[in-house]
Structures are given as C-alpha cells and as structure tokens.
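Hi everyone, thanks for making time this morning. Let me put the structure up on the screen, and then we can walk through a few pieces of it together.

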Amino acid sequence: MIETAQKKERLLLVAVNTAEESRVRASLEELALLVDTAGGEAVGSIYQNLDHPISATYVGKGKIEEIRQLAAQLDADGIVCDDELTPAQMKNLEQELGFNVLDRTMVILDIFASRARSSEGKIQVELAQLRYRANRLTGMGQSMSRLGGGIGTRGPGESKLETDRRLIHQRIGQLKSELEQVKRTREVTRKRRNDTHIPVAAIVGYTNAGKSSLLNKLTGSEVLAEDKLFATLDPTTRLLSLGNDEPLLMTDTVGFIDKLPHHLIDAFRSTLEEAKHADLIVHVVDCSNPEHETQMQVVYQTLKELGVEGKPIFTLMNKQDLLSEEEKNLFERDMQADRTIEISVKDGTGLDELREVLLSFLRNRKKYVERLYGYDEMGKIQLLRKYGQIVTEEYRDDGVAVTGYVPNEYYNQIQ
C-alpha cells in the first residue's frame, strides 16, 4: 500500500465531462477505486462540463479556483485528473494550484508496479512507466521530483525520476531487448503447447469481473482472486478436463479498463497476445455493474487494438446472484458473442451449462470416427491416438474396430 510517512495521500478527483453526466460520475467512482487500490484516499470529486478538455490547463480558470478552495476544505494533498494529462497541462495545473497533480495513467501505472510478480510483468511495467515519463521530464514539476513516496513514484525507483532523457531512453532500449527475449521464450512455450494440440481458451474481461475466480472454480486452482481492481497481472494457464477427459487449456489474462494507457497496451502486448493465439475467447462480464455495457465495449475495443478478431466468443454474464428477478428479466444478450450464458461464479449458477457448451465447442472442432482398421493400418490408429481421442478400441481377427474423435484437419489422413 502506498502511503506517505504519516498517512495516506488524500486526493481530490477532477474530471472533464464531455458526454452524459452518468458517464462522468461512473468514471469518477472507478477512479476512486483506483486511488484506493493504489493506497491513497479519494476525499471528494469535482467535474466541469466542456466540449473537450482545455489544452493548457485541462479545466477552465474559474474551475481551477473552485478546485483550490475545495482541496483546502477537504485537506487534500493533491488532485488526480480522470484523463491522461499532457506535460503542459500538468505543469500549468501545478503552477496554478501549488500542489501535487496526478492523472489517471499515473495511478494505473502505480497499481501495475505494485502487482507485477513475474520478471516479465516487472519489465513490462517499468517499460510503460519510462515511456510515460520520457515525454514529461521537463513538464511534471513537483510530482516528478518527490522523494517521499506516494502514488506515481513506485516502480523503477525514485532515483530514475531525476535521470535525463538520454539515460531513460537507454534503459528503455535495454528493457525492450529483455522483453524480446521473454517474447521468444513465450513463443517457444506456445509452440510446445500447440504441439499437444490441446485447444486454448483465453479468459478476458473488465477488471474485477471475476476472471480469476472463474478459473479457480472450473479448474480447482488457487490463482489470487480479490475484490480489487487488477488483483492479478501475470497470465495464468490451467488445464480443464471436461467429459471423457476432453482437455482445454484456460488462460486468465490481465483485466481491461476504460482509458487504459496506450503505454500499457504496448508494454503488455506480448502477454495480451495470449488472447490473439487462443482458439476461443471467454468474455466475463460483471452484470451487476450499472456500467457493464460500457465495460463490454471497452473490452471489445481493446481486443480490436490487439488484433484479436474473428474468434468465437462466449460471454459469461457473471454475478447473477447480485441481481433481482426484475433486473434479470431486463437483461440483454451480448449481440457480438456466439453464445451468452448467465452465471454466478460465487454460487455455481450456470457453470454446468458452461461446461456443456465448452465440451460442445471442443467436439465441434473434431469429426467422429467409427471404422475398422486392418492390421496394416496401425499407423492411422497412432495418428488418431496422437492428435485425437479414442473412445473404444476392439481387436478382432480382421482388424481393430475404433470409435473416437479427430481434429478436422487430420480427418482425411486417417481414412
């Protein structure tokens, strides 16, 4: 948890509303959760209705004075803006207000720095932070020079905040080389996985939708699952056995969020590419969240940016246990999904249906085989055993009677 020496940072949330009021309120509520996850305390919020943020100061001059007065009343240590600020906006706001100015991107990067566990995750987070900071060395004023800790200073270390642009770019180059090595290792692992011909389902969704809990429930694993934003960052793959020991690899990916910094999308591209190489996308939605439809669109847009298109999608409307019967009746299906299933990971509702749907998906990728092979065709049986699944095998005088399933691409080779 990020704290100053005496107390948590008390932060006032600031936003510019360019759409419906309900949207900005929901975004500010999410920003408050982000601040809490980062170890700070959101003490209040304020927003201004504008067609677009002011290029020099994010909000107007009159609103800056309101922010100064409200921050003083609430004894706030600084503000967090609900968008990524330009270096000029951050510098000008700090000069006008006289205290620390953070933005949404800094808070998200700080959370990622605290949650990364694997070497790859740490490399990706540091790379994202340095790319963000490289463009702000001359424009971030006090917030870049603080040595006492606080949100936005976690990760590579406070000493790096004082390095010049040349050293930061050298470090970025080094991290990119390390990440390329990690990527090559991941590709080797993926190739080995592909050699087993076991299908892969990537679990995606908005942060805190219940992805890790689903993986735990289905596979009996113990992946960290907390009621917090970005509880897990590093991808986790577990084996799920369905009917007749039909195997499916399920990979839990990092949660998405609105206004996800492009620095993170770029840095985590190799991790998120697990979805790009999967055979199936399992989209988990927190249907109890009033903004779940907006969150679904954020997921689809992020997948599009990653080049994940044209794959079958099963959408799981999770947390049904939190809905009233009236709310359930008003529920809309996901029109972009191949199948929508209403579930509750917490009480197990809908999970049997999910298993049946997954089993049907696996079976549809294969053709049913029922054939008598002569003893001179044992190679075809071995091919079926290696790439498919033998259900029954009976040795007779005239050959071997076999029933089973084989992937569509190998069907002609065993005829």
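Helix H2 crosses helix H3 in a right-handed sense. This is a predicted model, by the way, so please keep that in mind as we go. H2 covers residues 61–73 and H3 covers residues 87–97. Their axes lie 10 Å apart, and the packing angle is about 55°.

Which residues in H2 meet H3? They are Lys-61, Ile-64, Ile-67 and Arg-68, and on the H3 side the partners are Leu-93, Glu-96 and Leu-97. Sorted by class, that contact between H2 and H3 involves four nonpolar residues and three charged ones, with no polar residues.

If we zoom in on S11 and strand S13, which spans residues 399–407, we find eight bridges joining the antiparallel pair.

Last, a word on confidence. The protein's average pLDDT is 85, and 87% of the residues reach at least 70. Where does pLDDT stay under 50? One such stretch is residues 1–5, with 14 contacts beyond four places in sequence. Another is residues 139–148, for which the model has 29 such contacts.

Note on methods. Residues are numbered from 1 along each chain as its sequence is written. This is a predicted model: local features need pLDDT of at least 70, side-chain atom pairs count only at pLDDT 80 or more; totals for chains, interfaces and linings use all residues. Side-chain values use heavy atoms; hydrogens and water are left out. pLDDT is the predictor's confidence in each residue, from 0 to 100. Contact means heavy atoms within 4.5 Å. Two strands pair if DSSP finds at least two bridges between them. Helices (H or I, at least four residues) and strands (E, at least two) are DSSP runs, numbered from the N terminus. Axes are lines fitted to C-alpha atoms, for helices over the stretch in contact, and angles run from 0 to 180 degrees between N-to-C directions. A crossing is left-handed if the near helix is turned anticlockwise from the far one by less than a right angle, and right-handed if clockwise. Ala, Val, Leu, Ile, Met, Phe, Trp, Tyr, Cys and Pro count as nonpolar, Asp, Glu, Lys and Arg as charged, and the others, Gly among them, as polar.
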